[in-house]
Structures are given as C-alpha cells and as structure tokens.
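Please read it alongside the sequence and the coordinates.

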Amino acid sequence: MNIVQIIAALRKFGNYLAGLFPSLVHVVNFLFKPLRKVVDNPLVAPWWSKLTKNKSVQSVWKIVERFYWRTYSSNRMDLAAAPPETVALLRPLFQMCAILCLLIPLTQYTLWPVEIEAFSGFKGIAPGWSVILWMLCLPGAWAALLTGAARSNRVAFMVAASSASYFLITCVVLLPRSYFNALAPLSILISLIYCEHRLRDADSRGSTVLGMINALVCGIAAGIPLIILTPIRPFLGTRINLPGPVISIGGGALLGAILGLACFVSARRFKLPAVPYSDQPANEKIEEAPQNSGMALNAWSVTIVLMIFLFAGLMRGSLAQSGSELISSLALTNNYFWPLWYFMGVGILHKINKSSKTIASAIADVLPQQVFKPLLITTLAISLITAFSEKICFALSLSTNQFSSTVLPFFYAIYSASKPYIWSSPLNTLTVHWFTTVLLFDLILVVVLSIQKRLTNEALIRLLFLNTFAFLLIWEYVFQLSSFARTPTHSVVVLFLFAVGLLWLIHTVGWDLSSKSSPAWPSAGRLAVYGGIATFAILDIHARSACKDFKLMNELFLTMFHGVIDVGLPYYFLVWATNRLGKLPVKISTTLGLFCLGAVASFIFNVLEKFAGAGWSTSALAQIVNLQTESLRTAGTIDIDLAIPPIWFFVRAVIYVGLLTIVYLLSRKKISDTENSSKTMLFVLVAFASGIVSFSNTFVELPLPAEARAFLAPCHQSLLFNCNLIQSYVAYWVPALIFGISQLYSKDNSIKIFLLCTPLAVAAHFLISWSFAQTEIYCRAAGSFYTLIAILCGVFVALVGVALRRVTPDDAFAQQQQDKKQTKAVILTPRTLLTLIAVAEIILIPIAVTQTNLKFNNFSLAPLTHKVTIPTTWQQQNNPNTAQEETTTTFTRKAATGGTSILQIGTVDSAAQGTKELLKRLFVAAANSGRYQNLAVIAIEPWNKYYPNALACHFSYELPQTKPPVTMAGLSVLVPRTDKLTEFYTLHTSPSEIDREQWEMAYTINNLEK
C-alpha cells in the first residue's frame, strides 16, 4: 500500500466508527473548527467561494476526490434509518467488527501463546486472549445469521439452519461428547420457533404446508448433531442392534422431526410480543409493545446459548483444541461465502465505470468546446502511434529497403521517448499491447462518424468515456493478474489496513443492498444477515492474522478475481444493456433467478461431459471422479485431461436447446399477455444461457462431500480471460440470441417460428463447440486462431446488433439525439454496427483463410519406429556423428525474428521411477554440460490431453558465446512409448516465437500413433 491508500483506509475506518459513535463527529468538527474559521474569514471567504465555484476547479477536484481524497461521510452508517427492531442487534455486531479490526495489530505480540493446528494442516501460534475473543464473537455472528434468515423467509432459514448445524459441529467435533453439545441444536430450534411465529399465516393452507416442511428440515438439521455430539449416541448403540450411521443419522432425523414439529406447534400457539417494523404500512395502527423484543430476544438467546456451548467445550478440552477447531470452522464458513466475494469482485466494474465517467466529464468541462474536438483527435493519433511504435520498430528493423531505413528513425524516436513510461515496465507494456485493439477501434469509429457527419463533441465525450473505461478495466485486470505472480510483503499492519478497507467495502455494498426491502427479504432480515456475514468475514481475518496466516489476503482477492472471470462477462453485458436501453423489460430478481437456474443446469452438463469422456461407462466415470477428488484434495485443482468424443458436442447441443425450449414455454405462459413480451423473452433466454456457461467453466464450493463436489465439477476451470472462455460464451449465447431474435421479429405464430429456429440453434452450438475442440491446436499453430475467434465474436456482435434494431429502432436513437435532456450520445446505431461487422467479416475471412496454410509432412526418423508429423518448414540436418544419429534427429529453420530455431527428436532410456524422474536427470545433465548458461525451469505440466502420460517442461537459458547473452526459450516433451524407451521432443527458439511454436509441438504430439 502507498501512503494515499493508507490514508484512505484510515479515513474509511474513521467514518465507519463515526457511524457507530456519532459523538466522534462532534470531536472531529471541534478539531477542524479553527480551519473553518480561516475559510469563513471575510478576507478569505470571497476568494475561497470564487475558487470552489470555478468550473475548472470543480472538474479537477472530481478526479482528485475520486482517486485520492473521496468524501466518505456520505456513506456513514446511520442506524437511525434502520428498522427499530434491528438496532439492538446491529449495533453490538458492528462494534464487534470495529474492535476485531482494532485489535489486529496487537496480535503480533504473542502473549499467552496457544498452538493452533487447523484441519487443513496449517500450524501457528495465536495469543490466548484472541482465541477467547473468537469464542465471544462467533456466537453473535451465527445468531445474527439465523435471526435474519428466520425474519426473512423459510427457504433462507432452512439453508442457514443446515449450515449452522454443519459448521457448529466442527467447533467441538474432536472434543468428548457432552450434553452441553445439545445447546448448538437448541439454538436452531429456538430460531425455528421465531421463524414460524413471524411467518405464520393461519388463513393460508400453503403457509401451513411450507411451515411443516421448514420444521421437518430444520428439526432434522438439529436432531442429527443432537444424537451425534451427546452421550445419547453411545447409549442407543448399547440398546439398539443397528449400524452406527443408521443410529446417528436415522435416529437423529427421527428425533429432529419430532422436535421440529413440536416447535412448529409451539410457534403457532404461543405469542411473542409484537413489535413495530419498517415494512408495516404507515397508515396501519402499530401495536404497543417493547421495542426490539422480537429479533433482539431471539438473537441474544441464541448468542448466550452458543457461548455456553463453546465455553463448555473449552472446559472439556484445552484452549489450543478449541482454537484449532474454531479457526477451521471459520475457514470452512468463509469458503462458502464465495457468492459474497464474487459480488464484491464484480463490483470492481461499478468502481471503474464511475471513475471513467468522472474522468470523461471532468475533461469535457475543463477543455473549451472550440479545442475539444481537434485536441481529442490529436491525442488519439499520438496514442495510436505510440502504442504501435514498438511493433513498427521491430518490423522495420527486419526490413532492408530504403523506405524502412527512412521511416525507422522517426518511430524509434517515439519509442525511445515512451520507453521509460511504457516499455520498461512489463505491466505497462502488456496493458498497452491489449489497449492497441481499442485504439484501432477508435480510429474506425472516428472515420465512420466523420463520414456520417456525426463527429460531435458529445460523441467524442462518449468515446472518451468508453476509452477510459476500457483502459482502467485492462489495467485493473493486468494488475490483479500480475499480483498473483509475486509474493507481497506481509505484515500485521498491512493486514490491519486490508481488514479496514474490506470492512468499509462490505459496509458500502451491504448496507445499501440490505436497506432495501421485498416481501421475501424485508430490510430487517437483510440487515441481520448482512451483519452476521460481515462479522464472519472480519472475525476470520482477525483469527488468521492472530495465527500469522498471511495468505488470507491472497485467498480473498483470488476469489474476488475469480468472480470477475466467472460472472464478469454476463454481468457487464447486463450493465451495458441497461445503460443502452434505459430500463430492462425484465426484473433484476427474475434475471438473477434464471441465471441461478442455468447454474444448476451446468452441473448436469458437467456430469454428462465426464460420462462421455468415460466412454459412457459408469465404472470409468467413477474412476474419473476418484481421480478428480484426489487431485482436489492433494493439489487443490480439478483439471483433468479427457478425450471427449465428438458425439458429445451434438448431444450437448440437443440437450441445451431442449432446456432453452422448456424455459421458453414456461416463461411464455407468464409473459404472453404482458407488454414487451418478446423483448422480455430475449433477456430471459440470455440470462438462463449465461448461468449455464458461467458455471460450466468454474469450480465453486458447495456444502457437499468432496466426492460429490468432484462429481459436479467441470473437467477444467477457467482462471483467466482467454479464447477458451470467450468461445464458451459465444457457443451458449448465440443459440439464445437466435431464439430471442426470432421472437422479436415474429408478430404471429411465435411458437412456430421458435420451432423453425431450433435446428439452426442446435447447429450453431454444435459447430462452434465441436470445431473449436477439433481445430484449436492446428489453428493456433498456423497463427489463424485469433483471427477466427474475432470472426466468431463478430457473429455474436452482429446478432446483438440485430436484436438492438428491434429493441431500440433507429428512430428512437434519432429522438434521443434530439432530446436535450439526453446526456449520452449514441456512437453507433444498430444499422452502422451491422455494416461495420459485415465489412470486418469480409476482411477477416480471407485473412483467416490465408493464415491457415500450415502444412505438415510425415517423417520417418531413424531413432523412432513410427512416423512423426512435423511442419514442412523444418529442415532436417545431417549429423556426422553416427552414434548420435541413431538416437537423435535435428531440424532447424529460420525464425521470424531472424534467429534460428532448433527441434531435436530422439529416444532415451526410461527411468524406473517414472517420467518425472527421467526429466530431472536430463535437466541435471544439461545444467552440468556447460552448454546452457543460467538454465532455469519455468513450468512443468502433464500433456495427457495430447498423448497418454506425456510430460512437458518449459525452460529458458542463455547462449554463452554471445555478448550480451541472448536469452533462449525451450520446450521439452517426454513421451513414454515402452517400459525401456522414452521419446523426447525438444524445441529451442526465441522467447517471442515460443508461444506459437509450442502449438506446433502440441500438434505433433497429438498426432503420434497411440
């Protein structure tokens, strides 16, 4: 953290405390009173007023405030605005969070040391007073979560009760059984009574049925730990001749069902004090009752019961045992809060969006209108030349004609001038390289707008906003990506500032969201749930900082980063559509529900894909699941290499289109009579498709056994924005858009049109996914892969443009342009967008055809007993050493950068310990040979997806005979063919060529005789 970030974090914490302790505001105002007197001085006041009202100063201050000195007072917590019934619950929770943050620096002093060992294997030493604090805070967090869920709806409470049952068991699971352990399920039963009392409806049969289901589920969740954790279990074991699991689970379920139904009856007979709450209509008479008695009574009852439960466990064991189990329970609990971290990670888009608007509006206000257009166009031209200066200099340096020699000094001067700011930093270089695509798009837009005579200041302001947004988005992504590649400097102070910043982030996001209300989620319930989740998060940070487990920061940021990868594209697509259309024809809650429904459907696709990879054999599927489970437990990854048969892509296309049809038919019944039903259907289908594709590329934590999680997990997890992820989205979005557009353009017989589009949708999904899987390696090796992906994205954008023409016709855009109140200028109308896409496709398709011309030959090599597929560009070298010729064949070719690439193919004796041991021996021998200066292994990865048991190693070294030393990149692949012989394929090339040439190697290995 730099000094600006440190000051910002402390100011955030100060404003958080000011919301909890309003008296602090008066203290701060008293301290700043002398400064206010200076500003209000008659000699200073006119100048100060003139300065603050200056338009340029206001614009500049917007940027300063946005990035350096934001006013946080507007986001202070106001408990007076919360429902009265929640204040007695929320205030101590938020005060607890503040105390936990303040005490983080003190955890570095290990007074009263306690040895902690988590279930994950982590070991540390924590101060005893901190462990006691965990035991005091954890009951409050669970009490708030149970109370808030009980106050909201039955489904949420069933989830909260089941979670509490599971996670509270982990707090005492290694301690001796005791009847005190019955207090944990008792807290669930207490909250069940409160839940059914609040949500009861005597006049509704449906409410009674749901209440009984709620009572049975929550009763069973309480009954099972009641049997397992208490002496009841061994007592029943001596009386009943049944297997242990039957007694524990079956007996617990039976006892829990009885207790749950008893609580259900009690909640309907007995009456708790009625309290006024925020969701009650203003004109309805409020019953007189003690304030805060409902939620506060339940929350404090549960808190006291759970405190006794935890401290009774402490009496049966030791502080070290209790602390170890508590920190394990906290880590497990926060793992299942990934939706929260996903939401906060995606919130980065909101932050970038607001920052971009601030910058664009500030620049527009500062610059005079007369110079705005020429200055912005000049800036675009300079940025474009600067961004391409490195590539242009490199291309011109390889040419020997007169024109290149004349132009090269000009571009080299630009490159040299920008080198200290851009090309000397890998982070800046990568950002600029990605941003060049945006600048090229800007150039096209400026030309198009000029031809259309629409190159106005308003359009340029909009373009400036989009450029700023794109640059900040790329910068943030590259920065987060690079941050995982280096080890940050950790300390308790850094963790304290991190906790403070995270607390403010949770507060700003959670308070606004929780203050809203709906029938299923009243604000009182939302705020209690939010308070519980915030306490869990801060308590986990405090506990792990006390144990000196500093990897927590990386874990949380990695989860938020994954949130951007997993749901960032559909979320931003939704935000873009909202900004473009003004108001969506479908509710956000409905969109979220359909997205979650698609996420559930993705689990079905994951299972079926592995089933197809197993050859439709249940026994082989079980082996794959076991392999994935073992990989998950040992390496923390789910990635496995399977040979997916082509028929699976067709089966998946049919199932996917079938699911879209079911969603269409069910939705049509509800929206057929509503206004804009066709527009609504478009967003319904896209939301469902987005849920499937988002969770088909990621592994999420679910409260299930490891085997079940591996069973539902995909074969691979996308950790970055790459072409594989984009292809997945296009493959799922295109069929949904085809169906949605068919409804937009069909006035009559919409069902008939939908059915007619079914074969087209099936074909689109099948062709996109199948062709990608079959041709990816070859197209990457040929260098046409990115061009083909651009063509594929063009098809998607064209479909979006077609949909926009119907959703927002051109005349609506014209009206928007004429409306003086309209602040946003539409840069591209749907017609212009479609025209540009058509032109781009016409240009890109021939380029892709020209690029896809890499030819391979089958070579018969002396050391091998089979043919090898190698590009024809390689030239075989004659080796005068007869002995070496029998085991190694060398190929060479001139690289595009001017150097020489070398490919060596041969055989070596296999190692009895396996391929990894053989690789180790070969590299030790290479390092000791003296031919490879500064030899370093970059990465080792299995290449099972190309050949069974193949192993690839990326390495680098320097050529010692060159001054300065030339860095070379290499790739060596070991392919075990028999028990005695292993084939090796080793590539030596320049770092700039390795990305493409490794795909040639992959194609060669993939085509070996199996």
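Trp 616 is placed in the loop between α23 (588-613) and α24 (618-634), where helices (H or I, at least four residues) and strands (E, at least two) are DSSP runs numbered from the N terminus. Although Trp 616 is not a glycine, it has a positive phi of about 60°. Its relative accessible area of 39% makes Trp 616 partly exposed; buried means under 20% relative accessible area, exposed over 50%, and partly exposed in between, with a 1.4 Å probe and protein chains only.

The model is a predicted one, in which local features need pLDDT of at least 70 and side-chain atom pairs count only at pLDDT 80 or more, while totals for chains, interfaces and linings use all residues. Residues are numbered from 1 along each chain as its sequence is written, and side-chain values use heavy atoms, with hydrogens and water left out.

A positive phi is also found at Lys 453, near 60°, again in a residue other than glycine. Lys 453 belongs to the loop between α18 (426-451) and α19 (457-483), and its relative accessibility of 76% counts as exposed. Most residues other than glycine have a negative phi.

**Residues within helices**

Trp 338 lies in helix α15 (residues 338-366) and counts as buried because its relative accessibility is 15%. Leaving aside residues up to four places away in sequence, Trp 338 touches Thr 559, Phe 695, Val 700 and Glu 701, contact meaning heavy atoms within 4.5 Å. Between Trp 338 and Leu 974 there are 39 Å in space, C-alpha to C-alpha, and 636 residues in sequence.

Met 307, in helix α13 (residues 293-316), is partly exposed, with a relative accessible area of 24%. With residues up to four places away in sequence not counted, Met 307 touches Met 135, Leu 136 and Pro 139. Met 307 and Cys 137 are 8.8 Å apart in space, C-alpha to C-alpha, although 170 residues apart in sequence.

The table sets out two helix pairs; axes are lines fitted to C-alpha atoms, for helices over the stretch in contact, and angles run from 0 to 180 degrees between N-to-C directions.

| Helix pair | Angle | Axis separation |
|---|---|---|
| α6 (residues 84-102) and α7 (residues 128-152) | about 145° | 11 Å |
| α11 (residues 232-239) and α12 (residues 244-269) | about 125° | 10 Å |

The angle makes α11 oblique to α12, since angles under 35 degrees count as roughly parallel, over 145 as roughly antiparallel, 65 to 115 as roughly perpendicular and the rest as oblique. The crossing of α11 and α12 is right-handed; a crossing is left-handed if the near helix is turned anticlockwise from the far one by less than a right angle, and right-handed if clockwise. Arg 233, Leu 236 and Gly 237 of α11 meet Gly 244, Ile 247 and Ser 248 of α12. This contact of α11 with α12 comprises two nonpolar, three polar and one charged residues. Here Ala, Val, Leu, Ile, Met, Phe, Trp, Tyr, Cys and Pro count as nonpolar, Asp, Glu, Lys and Arg as charged, and the others, Gly among them, as polar.

α6 and α7 cross in a left-handed manner. By class, eight residues of the contact of α6 with α7 are nonpolar, one is polar and two are charged.

**Strands and sheet**

Strand β1 (residues 113-117) has Val 114 and Ile 116 on its covered face, and Pro 113, Glu 115 and Glu 117 on its uncovered face. β1 runs antiparallel to strand β2 (residues 123-127), to which five bridges join it; two strands pair if DSSP finds at least two bridges between them. Pro 113 has Pro 127 as its bridge partner in β2, and Ile 116 stands opposite Gly 124. Five residues lie between the strands of this hairpin, in which Gly 121 takes a positive phi near 105°.

Within it, seven bridges join β6 (residues 888-894) to the antiparallel β7 (residues 900-909), and Lys 894 stands opposite Thr 900.
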